[in-house]
Amino acid sequence: MRWMWIDRIVELVPRERMVAIKHVSMAEEHVHDHFPSTPTRKAMPMMPMSLIVEGMAQTAGVLVGHAEGFKEKVVLAKVSKAQVSREATPGSTLRYTATIDQFTPIGASTKGVVELIEPSADGGGEAEVIGHIDLLFSHLDNNMGGVQYPQENFVFSESFKTLMQTSGIEADF
Amino acid sequence: MERSEIFEKIQEILVDALAVDDDEVTPEAKLIGDLGAESIDILDISFKLEQEFGFKIAQGELFPEGVTQDPEFVQDGKVTEKGLATLKERVPHFNFEQLEQDPSVENVSKIFTVEALVTFCEQKLQTA
């Protein structure tokens, strides 16, 4: 399994904002473990909050990485805020909108909105804002501790290239 | 802007960035020791200060970078005279009294107090 928690990038305004979606599926193993039935409770399959944070981190991380042509090793350094008020159950779609708040050679801060789109019979569900996730990213090679990392950009792997390609976004990295 | 007003704004920023209580953010509190700040929090705090006060903070301007890793500035676990002079030049908002008395390298982070942060912002606002 690839550690990819967004299915497609639907909008990218370089250095400004990125929108990505994630379909929650019953075929995903983690929803069965989160939460299984117990003798006193029915099963409650839903997208774990931690993976919603990861989905936003990937959305915002790609936006930050794209700003410098994926030359920087962009790593999530801090979850400044994470509030999600509703469960995302199988069949629903999560829409992540990340915007760059501040950007420097050392890192970047982003603000994020999580929306939930419930399916409807005619195929067009309405989006509801269910959360806010603000993050802080570090450009590893400019870290304040002066720690050296391998030259190869191990952050933006083949999976990210595939994501860009299947989303119709040119990415030469 | 009055120093007390700057302190109040900084207090709010630190409560938000470091998840500490208001009463923990005293002028004497050390960011790295008492308030649990890590290096990435310094970046977070820099971003928040820039937004709050409207000035720009250059890399290494708020907290010195690389000084304690440089063998010219630190020898046998102590900050050298040259190291101390470099620190004074790079981060003049810090109070160096304690470090001058005991230049052990672990004391460098201890000079980064809330008070120093207030002085930093005060100086930046004056020159803006």
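View 1. A:Thr93 is found in strand β4 of chain A, where helices (H or I, at least four residues) and strands (E, at least two) are DSSP runs numbered from the N terminus. The model is predicted, so local features need pLDDT of at least 70 and side-chain atom pairs count only at pLDDT 80 or more, while totals for chains, interfaces and linings use all residues. Residues are numbered from 1 along each chain as its sequence is written, chains are lettered from A and ligands numbered from 1 in the order in which they are written, and side-chain values use heavy atoms, with hydrogens and water left out. A:Thr93 is buried because its relative accessible area is 11%, buried meaning under 20%, exposed over 50% and partly exposed in between, with a 1.4 Å probe and protein chains only. The side chains of A:Thr93 and A:His23 are joined by a polar contact of 2.8 Å; a polar contact is a pair of N or O atoms within 3.5 Å, and within protein one must be able to donate a hydrogen and the other to accept it, while residues adjacent in sequence count only if both atoms are side-chain atoms.

**View 2. Where chain A meets chain B.** In this view 17 residues of chain A are in contact with 14 residues of chain B, contact meaning heavy atoms within 4.5 Å. The count between the two chains is 2 salt bridges, each being a side-chain nitrogen of Lys or Arg within 4 Å of a carboxyl oxygen of Asp or Glu. A:Lys78 forms a salt bridge with B:Asp41, and their closest N and O atoms are 2.6 Å apart. On the side of chain A that touches chain B, at least two residues each come from β3 (74–84), β4 (93–103), β5 (107–117) and β6 (127–139).

**View 3. Helix α1 of chain B.** Helix α1, residues 3–18 of chain B, has 16 residues. Its buried residues are B:Ile6, B:Ile10, B:Gln11, B:Ile13, B:Leu14, B:Ala17 and B:Leu18, and these pack against β3 of chain A together with α2 (39–53) and α5 (114–127) of chain B. The helix is followed by B:Ala19, whose phi is positive, near 50°.

**View 4. B:Met1, in the segment before α1 of chain B.** B:Met1 is exposed, with a relative accessible area of 52%. Not counting residues up to four places away in sequence, B:Met1 touches B:Ile6, B:Lys9, B:Phe53 and B:Leu125. B:Met1 and B:Leu125 are 124 residues apart in sequence, yet 7.9 Å apart in space, C-alpha to C-alpha.

Methods:
Expected span 1.5 Å × (residues − 1).
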